[in-house]
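The structure comes before the comments.

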Amino acid sequence: MQVQLSGILSQAAGGARCVDCAGATIGELLQALLLKYPEMQSHLDDGIAVAINGEIYRDRRDQPIPANADVFLLPRIQGG
Amino acid sequence: MPYETDYTNQGFSKVGTRVNRPDGVDKVTGRAKYGADANAAGQLVGRILRSPHAHALITKIDTSKAEKLPGVKAVLTGKDFPDLTGGDRGMMNILENCMARGRALYDGHAVAAVAAIDADTANEALKLIKVTYKQLPHVTDVDEAMKPSAPIIHDWVRTTGVTPAPTTASNVAQRTEFGHGDIDAGFAQADVIIEKSFKTEQTHQGYIEPHACLATLGPDGSGELWVTTQGHFTFRNVCASLLGLDVAKLRVTASEIGGGFGGKTHVWTEPVALQLSRRANRPVKLVMSRDEVFKATGPTSSTSVDVKIGAKRNGKITAASAELRYQSGAFPGMWAMLGAMTSFACYDLKNVKSVGFDVLVNRPKVAAYRAPSAPMAAFAVESVVDMVAAELGMDAVEFRIKNAAKKGTKASYGPVYGPIGIGPTLEAVKNHPHMKRKLGKNQGRGVACGFWFNFGGQTCTDLNIGVDGSVNLTVGTVDVGGSRASLALIAAEELGIDYEQVRVTIGDTNSLGHNDTTEGSRGTFSSGMAAIFAARDAVEVLKQRAAATWGIPVEQVVWEAGEARAKGKQNNNLPPLSLKEIAAKSPRTGGPIAGHNEVVADGAGVSFASHMCDVEVDPETGATKILRYTVVQDAGKAIHPDYVEGQFQGGAAQGIGWALNEEYVYGDDGRLQNAGFLDYRIPVCSDLPFIDTQILEIPNPNHPYGVRGVGETSIVPPLAAIGNAVSNAVGVRMDHVPMSPPRILKAIEAAQG
């Protein structure tokens, strides 16, 4: 699937704003992404949120990713 | 997932009603116990010595005289906090902020701490600690700190987010970029382009209750911490990590909280209090003064923002860009990134780009403040939106409606929106009676939009039914805005009982599994979700007990209106069993009846608000009076409308103070000049009109009741709404917050030449 990367995450993928990656769940996707781009590790440590068809998931690694979903990776954010 | 989280459009009998708050009597009678209200036998008084310098090497600390003072039981400096972070830079930043390690990084940075038998002795001990400083050059302004000639705050900081990766130190900790499309092509299509720069000054959350805790830590590594916090589980984990403790052996209890707004999501003195207690082997109570709160706990960023927006004559925006420079205090943060993400989130833009720079300065470590970073970005963007509309000769609300994001819009920060409420809030503004009020001389009206993400997170809840049928719901999210009332309504709704039968308790860290901090407007969203599921879990037990009592299969039992009913003609002779009746028999039917749930409550749903504001500006003094203020916001589903309205009003009130008065003032020496409520003026009742509200309910598809968080978004539009109103009143575009009387007069005079 096509995974879009925002902000500083794209730097960890060599500047790519969009990468090809496979995964049936968020956990599988992040694992595959890490294998492909080891520099993503520090961002995974800091936390990554995954938007699937516009819905943002911060923690649920078992969340399924539907086929042809719009997948967007964001840095994990803080709130007040 | 044990339960389905999708919105079901169910009807409600309890949810949505305006019941009395459960904590009201305790709070008005003084019975509620806050951070400073706990005491323990033999407790000591903790005090912290703070740097008077903006930036200085600590060449020597002599604590010998303080240690010899009778009554002093412990003295600590940076060397008493060994590095147990395992190379985690973020944790080391927290530790170094709690206690300086060889260098004071801002006025008010902790350099030593004492615990003594009373306050007088502790204060005397602080005077006996001799610190030798070598002052270093400092910088407190965000734009100055970015210049190549600025003093470097940390020699280990390299700007991330730029290619190639730099090899030299910089005060720019991070560059982040968001957006899509081609802004150059977009601006080329524009008939009108407006470009303007803005500044906002640093503000504090201004919670009335200062930070306070009572810490007990024994030589065996077991401890207790009573503390005012938004997240006692997070405090436990952070303190345990910094001090080398087992998480399970540190029990943290959240007191009642006198305001937090993000400022109590971070540890400041708590690890110090615990370490003092461990050294003295006695409980230590540590309460910050207001001066310390201002100087050493996280305010929000001061900022410098450039915005450029282009539009066609037909009112369609063709391109928008922003550069946002946010200072994060003396340690790296994500604050400019959040500004960049939120800046254009209200709009449907084909070509958009926002770039954020997080910048280090010699000020206290910035902390979250209610929709952190979004208000400053909104001030700049919404001001330029008004300017573009004016240039096009369009009504500013119509211009916003024409460009508002909607379901399917690709957000400026990346993802595609689901069902959202920005359009409906703007339509509500357009049709609101407020907009028809006639304005007088020196009066102006302003409108602005705001966005915040909201999030959910890890949540764990227990529901226990007593033998009399009363219910205790134990949650792990601190009640910062009325969540106990809302959660009791939810439990009552699910169980079919009266609201008054439910008591909600905030459990300590040893009574529940981990709960994330109450931040990101998550309290009622996530604990509400867990409460629904815990109640449904308990209902299953209730049905089983009824089935056993009747001697029928549980499949033949339904739960309706607070009682078990036997289905089917064969069970016509079985009268319903109420929750009270089943509970009364529970000791003999299997024991206690309880429900439990742990959930990762994702899918919080983004939040939008639109505000309108009328002001009158005295052209001779520059003083602004808020004549009328109205908040329109999407709540998804308002569980307890009073509290939702209260959140809307509270955010607006804080935003009004931020817009008009509040400001950290630093001298040339880098020292804070106004660390107190006399000189740092938050709004009081006489400054504010009644703040009107309108709740919209556009259900969040990812919550069974459709709930969205409501706590933060309401602080996003006020800076801009007031900025637009003041600008319209005086005929001069205001570009610097706070719009204090001297600043307004200066702007008027400058415009007059």
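1. Helices (H or I, at least four residues) and strands (E, at least two) are DSSP runs, numbered from the N terminus, and the expected span of a helix is 1.5 Å times one less than its number of residues. This is a predicted model, in which local features need pLDDT of at least 70 and side-chain atom pairs count only at pLDDT 80 or more, while totals for chains, interfaces and linings use all residues. Residues are numbered from 1 along each chain as its sequence is written, chains are lettered from A in the order in which they are written, and side-chain values use heavy atoms, without hydrogens and water.

2. Helix α14 of chain B, residues 483-495, has 13 residues and spans 18 Å from its first C-alpha to its last, close to the 18 Å expected. Because 13 of the 13 residues of α14(B) are buried, the helix is largely enclosed by the rest of the structure (buried means under 20% relative accessible area, with a 1.4 Å probe and protein chains only). Just after α14(B), G496(B) adopts a positive phi of about 75 degrees.

3. The contact (heavy atoms within 4.5 Å) draws 47 residues from chain B and 24 residues from chain A. The buried area, which is the accessible area (1.4 Å probe) that two parts lose on being put together, summed over both, is about 2,600 Å² between chain B and chain A, with 56% given by carbon and sulfur atoms.

4. One salt bridge is found across the interface of chain B and chain A, by the rule of a side-chain nitrogen of Lys or Arg within 4 Å of a carboxyl oxygen of Asp or Glu. R17(A) forms a salt bridge with E177(B), their closest N and O atoms being 3.9 Å apart.

Technical notes: Buried means under 20% relative accessible area, exposed over 50%, partly exposed in between (1.4 Å probe, protein chains only).
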